[in-house]
Amino acid sequence: MLRNRSNKPYHGYVGQVPMIPLYESLGIDDVLSPGKIESFTNLMWSEGNPSFSKSVETFSEQLSELDKIVRKMVVKSLGLEKYMDEHMNSTRYLVRVQKYDAPKSQEAEIGLTSHTDKNIFTILYGNEVKGLEAMTKDGQWIFVEPSMNSFIVMIGDSFHAWTNGRLHSSYHRVTMAGDEARYSIALFSIPKPEYIIKAPKEMVDEDHPLLFNPYVHIKFMEFYYSEAGRTGVLQML
């Protein structure tokens, strides 16, 4: 029986997908709210697992502070200080623990297909097994190999839209080879359900016409993962 369920796309268990057979992950939504981590832990271990709960709690608290620092720096650099409080209060956090099975082959196999994240910011930490690739501006794929004990910070499509395209969400994927599995954990800042993503007027001018109409993130996600949304994406490719 599937335990880690969610009615939101990619907020619960993801796995056993034919296109990405190596990938499996679990999600903890609204992770900073009281009881969320404990509820998840009790789903996975009937007797509880205090060590796991404490580790995820510490990770979430510290990485959410890093998320806020980076976002404040970016908002300030864009001269949008007047929107700071609104922007900083617009999100909550999702944590995903992820595994990519070893393909047991020296030929590279897809662990996760090419995509951009749809949220505001993503902060990712992985083990020493490489596999994460990012696309450069000229369309080349390069391996992302950070030093140990460092984090990868990426903006998502929601922040791309909020800045009216001033900052770009990077296409990335995971490819796997060899006999070792890759593990990673990520914290995603997600727009709150009621928050409308709308580019500040300062981001719109003759050289930068409005790229996106205002939208609600969860409604966009529901459409994106619907049959109509998938068909539209395929037609664009």
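1. A residue counts as buried when its relative accessible area is under 20%, as exposed when it is over 50%, and as partly exposed in between (1.4 Å probe, protein chains only). Phe 121 has a relative accessible area of 2%, so Phe 121 is buried. Buried residues make up 42% of the 237 residues in the protein.

2. This is a predicted model, in which local features need pLDDT of at least 70, side-chain atom pairs count only at pLDDT 80 or more, and totals for chains, interfaces and linings use all residues. Residues are numbered from 1 along each chain as its sequence is written, and side-chain values use heavy atoms, with hydrogens and water left out.

3. On the overall fold: the secondary structure comes to 6 helices and 12 strands. Helices (H or I, at least four residues) and strands (E, at least two) are DSSP runs, numbered from the N terminus. The C-alpha trace spans about 55 × 40 × 40 Å along its principal axes. The radius of gyration is taken over C-alpha atoms, and the globule rule is 2.2 Å times the number of residues to the power 0.38. For 237 residues a compact globule would have a radius near 18 Å, and the protein has 18 Å, which agrees. Contact means heavy atoms within 4.5 Å. Among contacts between residues at least 6 apart in sequence, 74% join residues at least 24 apart.

4. Which part of the chain does Phe 121 pair with? Rings of Phe, Tyr and Trp (its six-membered ring) pair if their centres lie within 6.5 Å; planes under 30 degrees apart count as stacked, over 60 as edge-to-face and the rest as tilted. By this rule the count comes to 10 aromatic pairs. One of them joins Phe 121 and Phe 159 edge-to-face, at 5.1 Å centre to centre and 65° between the planes. Phe 121 is in strand E5 (residues 121–126) and Phe 159 in helix H4 (residues 157–162), so the pair links distant parts of the chain, 38 residues apart. Phe 159 counts as buried because its relative accessibility is 0%. Elsewhere, Tyr 10, Tyr 215, Phe 220, Tyr 224 and Tyr 225 form one aromatic cluster.

5. A charge sits over a ring if NZ of Lys or CZ of Arg is within 6 Å of the ring centre and within 35 degrees of the ring normal. Lys 130 lies over the face of Phe 143, 4.4 Å from the ring centre. The charged end of Arg 173 sits over the ring of Trp 141, 4.1 Å from its centre.

6. A salt bridge is a side-chain nitrogen of Lys or Arg within 4 Å of a carboxyl oxygen of Asp or Glu. The count by this rule comes to 10 salt bridges. Lys 8 and Asp 29 meet in one of these (2.9 Å, N to O). Lys 8 lies in the segment before strand E1 (14–17) and Asp 29 in the loop between strand E2 (20–28) and helix H1 (36–44), so the pair ties together parts that are 21 residues apart in sequence. Asp 29 also forms a salt bridge with Arg 92, where the closest N and O atoms are 3.8 Å apart. Arg 92 is in strand E3 (residues 91–100), and this pair links distant parts of the chain, 63 residues apart. Both Asp 29 and Arg 92 are buried. Lys 8, Asp 29, Asp 30 and Arg 92 are linked in a network of salt bridges.

7. Another salt bridge joins the side chains of Glu 202 and Lys 82 (3.6 Å, N to O). Glu 202 lies in the loop between strand E11 (196–197) and strand E12 (215–216), and Lys 82 in the loop between helix H2 (50–77) and helix H3 (84–88), so the pair ties together parts that are 120 residues apart in sequence. Glu 202 is partly exposed, with a relative accessible area of 33%, whereas Lys 82 is exposed at 61%.

8. His 172 lies in strand E9 (residues 172–178) and is buried, because its relative accessible area is 6%. A polar contact is a pair of N or O atoms within 3.5 Å; within protein, one must be able to donate a hydrogen and the other to accept it, and residues adjacent in sequence count only if both atoms are side-chain atoms. The side chain of His 172 makes such a contact with the side chain of Asp 117 (3.3 Å). Leaving aside neighbours within four places in sequence, His 172 is in contact with residues including Trp 141 and Met 154.
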